[in-house]
Structures are given as structure tokens and as C-alpha cells.
Amino acid sequence: MTNHLIYLGLGSNLGDKEANIRKAILLISEKVGQVIRQSSLIETEPWGFESENRFLNGVILCETTLTPRQVLKATQKIERELGKTKKHATKRLSRSLSTFKDRPIDIDILLYDDLTVDEPDLKIPHPLMHERDFVMISLEEVRNLK
């Protein structure tokens, strides 16, 4: 089995945000692969929508034997286990326009090795990561950790 390096973005703005992210990381280590590095958590304003609830965001580096599709299914299952429901889900209005909502946990696949995937429900590299400073800052932090 080949090991792949993946970067996952984590965010929470409902409930005990730090605990939600810690639980997500634990479940990722059990269901996706070994978590190698983790960024600091950054508190941010919501991105792409209005809310009174600030986010905690971070990035992890994980080693996995799963395919991109398997990683997507595993992370979506983790999101559901931690309380994310359809009412929390991002709605894709078009290829470039989405509506975002408050959520207890959000897990995004940012990078998977040097792979590019362009499917309706799976895009790697994550198409909006360069527009989100908190993602790029956390990604850079994880990449520079040794």
C-alpha cells in the first residue's frame, strides 16, 4: 500500500469549538491515517457568510493509504458523527458560488500529494483555500514544522 500525504483544513463555530476539533483529529487518526503535524488554532470571523459565531480553524498533515474518494467519505462520516447535519452543510449554488452556514465541524481536503481532482463533489486542491488567509497561514505553519 502506498502512503499519501494529505492536508486537511478543520473549522468549527458551534458548541465547544476546541473540543470539536480535538475530537475530529482523534477520529481522523483512527479512520483516515496518522496525524503527523498540526497547526495552531486560529480564531476567525466567518468566511463567506454572516454569523455571530466566530470560528476556530486549523490544518493538519496526515499520512493515509486511502484514495481521495475514501478520504472524502471518511471525513464526511466524521463530520456527521460530530453533529454536522444537512442544515449545517454548504450548499453549492454553482461551480463558483456557495452558501455557507454555522457548523459544529467542517473538514476540507486541501491537498492530497500533488494530485489534482476535479469532480462535482470533490476538488483537490481545495478551490477556495487561496482566498482564505486562515487556511494559508495554518498550511504554511504545518509545512514549516519539523
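Student: How many bridges join strand β2 (residues 33-38) to β4?

Tutor: This is a predicted model, in which local features need pLDDT of at least 70 and side-chain atom pairs count only at pLDDT 80 or more, while totals for chains, interfaces and linings use all residues. Residues are numbered from 1 along each chain as its sequence is written, and side-chain values use heavy atoms, with hydrogens and water left out. Strands (E, at least two residues) and helices (H or I, at least four) are DSSP runs numbered from the N terminus, and two strands pair if DSSP finds at least two bridges between them. Strands β2 and β4 run antiparallel, and the number of bridges joining them is 5.

Student: Which residue in β4 is the bridge partner of Ser 12?

Tutor: β1 and β4 run antiparallel and are joined by 9 bridges. In β4, the partner of Ser 12 is Leu 56.

Student: How many residues of β4 are buried?

Tutor: Buried means under 20% relative accessible area, exposed means over 50%, and partly exposed lies in between (1.4 Å probe, protein chains only). β4 is mostly covered, and of its 10 residues the number buried is 9.

Student: Is Leu 10 buried or exposed?

Tutor: Leu 10 lies in strand β1 (residues 4-12). Contact means heavy atoms within 4.5 Å, and beyond four places in sequence Leu 10 touches residues including Ile 21, Leu 56 and Ile 107. Because its relative accessibility is 3%, Leu 10 counts as buried.

Student: How far apart are the end C-alpha atoms of helix α2 (residues 68-81)?

Tutor: The expected span of a helix is 1.5 Å times one less than its number of residues. Helix α2 has 14 residues, so it should span 20 Å. The model agrees, with its end C-alpha atoms separated by 20 Å.

Student: What takes a positive phi just after α2?

Tutor: The buried residues of α2 include Val 71, Leu 72 and Ile 78, and what covers the buried residues includes β1 and β4 (55-64). Just after α2, a positive phi of about 105° is taken by Gly 83.

Student: Where does pLDDT stay under 50?

Tutor: pLDDT is the predictor's confidence in each residue, from 0 to 100. The chain averages 88, and 88% of the residues score at least 70. The stretch where pLDDT stays under 50 is residues 91-98.
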